[in-house]
Amino acid sequence: MNCSISGEIPEEPVVSKNSGLLFEKRLIERHISDYGKCPVTGEPLSIDDMVPIKTGKIVKPRQAASIPGMLGMFQNEWDVLVLSNFALEQQLHTARQELSHALYQHDAACRVIARLKKERDEARSLLAQAERQMPLSSTPVSSNAAVSGNGKRVNEDEELGLDGKKIRQGISATVISELTDCNAALSQQRKKRQIPPTLVPVEALESYSQISSHPLHKTSKPGIISLDIHHEKDVIATGGLDTNAVIFDRSSGEILSTLSGHSKKVTSVKFVARDDLFLTGSADKTVRVWQQSDDGNYNCRHILKDHTAEVQAVTVHATNNFFVTASLDNTWCFYELASGLCLTQVTEASETEGYTSAAFHPDGLILGTGTSDALVKIWDVKSQKNVARFDGHVGPVTAISFSENGYFLATAAHDGVKLWDLRKLKNFRTFSPYDSETPTNSVEFDHSGSYLAIAGSDLRVYQVASVKSEWNCIKTIPDLSGTGKATCLKFGPDAKYLAVGSMDRNLRIFGVPVVDGSMET
């Protein structure tokens, strides 16, 4: 029989009354004096609990008489080593048990976190569905809401006209004064305006090619139909057929946020150059005002439901305090951005066509709109009167762009692009780059007013000239989406790149080919 501590045959064996375990007497007495408990079971143990066992005399080999002290010292060292080793084994066993318990707790915590994330995502999805289905507005419906004659809930405090439509408060004198002051300041700056030295020269633009492509939208409903660029941040926004708007950081190549909430395609997206605000218009008849939060995501501040048909365009005023929406219901609305309040809703009783595009003049007192009946209308924002109209297009006017010089207007339709001189109110040039079966989907001046880009079955960039001079096509870029339909485009800062959306899910960036890891301008 061996000692339960040393594992060797004991010289003076003793047995515990409590556990029945066998020990070497000197080892167990030392352990009891140090710990006061059984080294194996951990139960309280005293020297009185130990019972000596008589065995036959063990004959030890004769030891050298000259080194008895050394042998005794070795024996004591051995006893200490055995006790220490046993204690370490006990501690190792305890540590293993604690580690196993901690790993089990960690695994359980990971499962709980995964379940909570799943429940959170499901709750967000249900909330988004509820927002689409419930009649939301920018402010809660009070208890005194009533039902109008057309079946829509309205607030009893709101006045209705004879036709059942809301009577708007109109654009106040204070707002008109703000618009006028902004116009005067911008007009004065425009007289001193010069082409920035950082603008990409014609020679560099002629070498444009695709430098990146980014799949931003769902494969189930591919198609990017609206696009905007925040020039100061170099951030691009796209609106897709998949009902989402995507905020994309071009420099890092990462998606910053995906905005869900619309129930139909997002037809227009616009950045506001203050307070991290962002606007989206949709075929679900609503306009949403979003604001970026501290975590980088965008929260919906207002859901505007003043239109009764698809919202086709959203354009922001130069003050960044107001914006206009245009719809197929033959109305355009002028909103105050901070409150989301529609100050006026403009319609022409004699007209039945809807609006398919809209844009503010750079100075902000003129609004241009395109209609589904191929008309271009120019409005005085202060009086909301139609002061001019241009005809001659074929098909809906798909895009409108004012030049930064203040007197050129470019419009796109099925038959191509027309350039208008706002000083003489006449068309002075027409581009028909495609055949009669291929519409022109987008047209855009760069911010300096030096270049004009057109999107259809391909991309074409023209150098801006005067009314009488020829506008040369300096670059033609084929559509690389394979769909033959480029739907929207925007120039980046200083025309250093061209962002293009097509009927696939990819945002494409065209610029000067990369040389030694940097974009050459």
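# Briefing: strands, a helix and salt bridges

Asp-494 has a relative accessibility of 25% and therefore counts as partly exposed. This value, like the others below, comes from a predicted model.

**Salt bridges**

- The count of salt bridges comes to 15.
- Asp-494 pairs with Lys-496, and their closest N and O atoms are 3.3 Å apart. That distance falls inside the limit, because a salt bridge needs the nitrogen within 4 Å of the carboxyl oxygen.
- Lys-496 has 24% relative accessibility, so Lys-496 is classed as partly exposed. Buried would require a value under 20%, and exposed a value over 50%.
- Asp-504 and Arg-508 also meet through their side chains in a salt bridge, at 2.8 Å from N to O. Asp-504 is buried, with a relative accessible area of 11%. Arg-508 is buried too, at 9%.
- Asp-79 forms a salt bridge with Arg-26, and here the closest N and O atoms are 2.5 Å apart. Asp-79 belongs to helix H2 (residues 68-133) and Arg-26 to helix H1, so this pair ties together parts that are 53 residues apart in sequence.
- The two partners fall into separate accessibility classes: Asp-79 is buried, with a relative accessible area of 2%, whereas Arg-26 is partly exposed at 29%.
- Arg-26 and Asp-79 are also part of a network of salt bridges that takes in Glu-24.

**Helix H1**

- Helix H1 spans residues 25-35, and its buried residues are Leu-27, Ile-28, His-31 and Ile-32. They lie on the same side of H1, because the arc they cover around the axis is only 130 degrees.
- An α-helix has 3.6 residues a turn, so residues three or four places apart point the same way.
- Which residues are exposed on the other side of H1? They are Ser-33 and Asp-34.
- Gly-36 follows H1 and has a positive phi, near 70 degrees.

**The open sheet E7 to E10**

- Four strands make up an open sheet in the order E7-E8-E9-E10, and the pairing is antiparallel.
- Strand E7 (224-230) and strand E10 (254-259) are the edge strands, each pairing on one side only.
- On average, neighbouring strands of this sheet are turned by 20 degrees against each other, with direction ignored.
- Within the sheet, strand E8 (residues 235-240) pairs with strand E9 (residues 245-249) over 5 bridges, in the antiparallel sense. One example is Ile-236, whose bridge partner in E9 is Phe-248.

- Strand E13 (residues 287-292) and strand E14 (residues 298-304) pair in the antiparallel sense, over 6 bridges.
- Val-287 has Leu-304 in E14 as its bridge partner.
- How many residues stand between E13 and E14 in their hairpin? There are 5, and Gly-296 in the turn has a positive phi of about 95 degrees.

- In the model, residues 259-291 are 0% helix and 55% strand. The C-alpha atoms at the ends of this stretch are 11 Å apart.

How values were computed
Residues numbered from 1 in each chain as written. Predicted model: local features only at pLDDT ≥ 70, side-chain atom pairs only at ≥ 80, totals over all residues. Heavy atoms only, no water. Helix = DSSP H or I, 4+ residues; strand = E, 2+ residues; numbered from the N terminus. Buried < 20%, exposed > 50% of the residue type's maximum accessible area, 1.4 Å probe, protein only. Arc of directions from axis to C-beta. Pairing = 2+ DSSP bridges. Axes fitted to C-alpha atoms, helices over the stretch in contact; angles between N-to-C directions.
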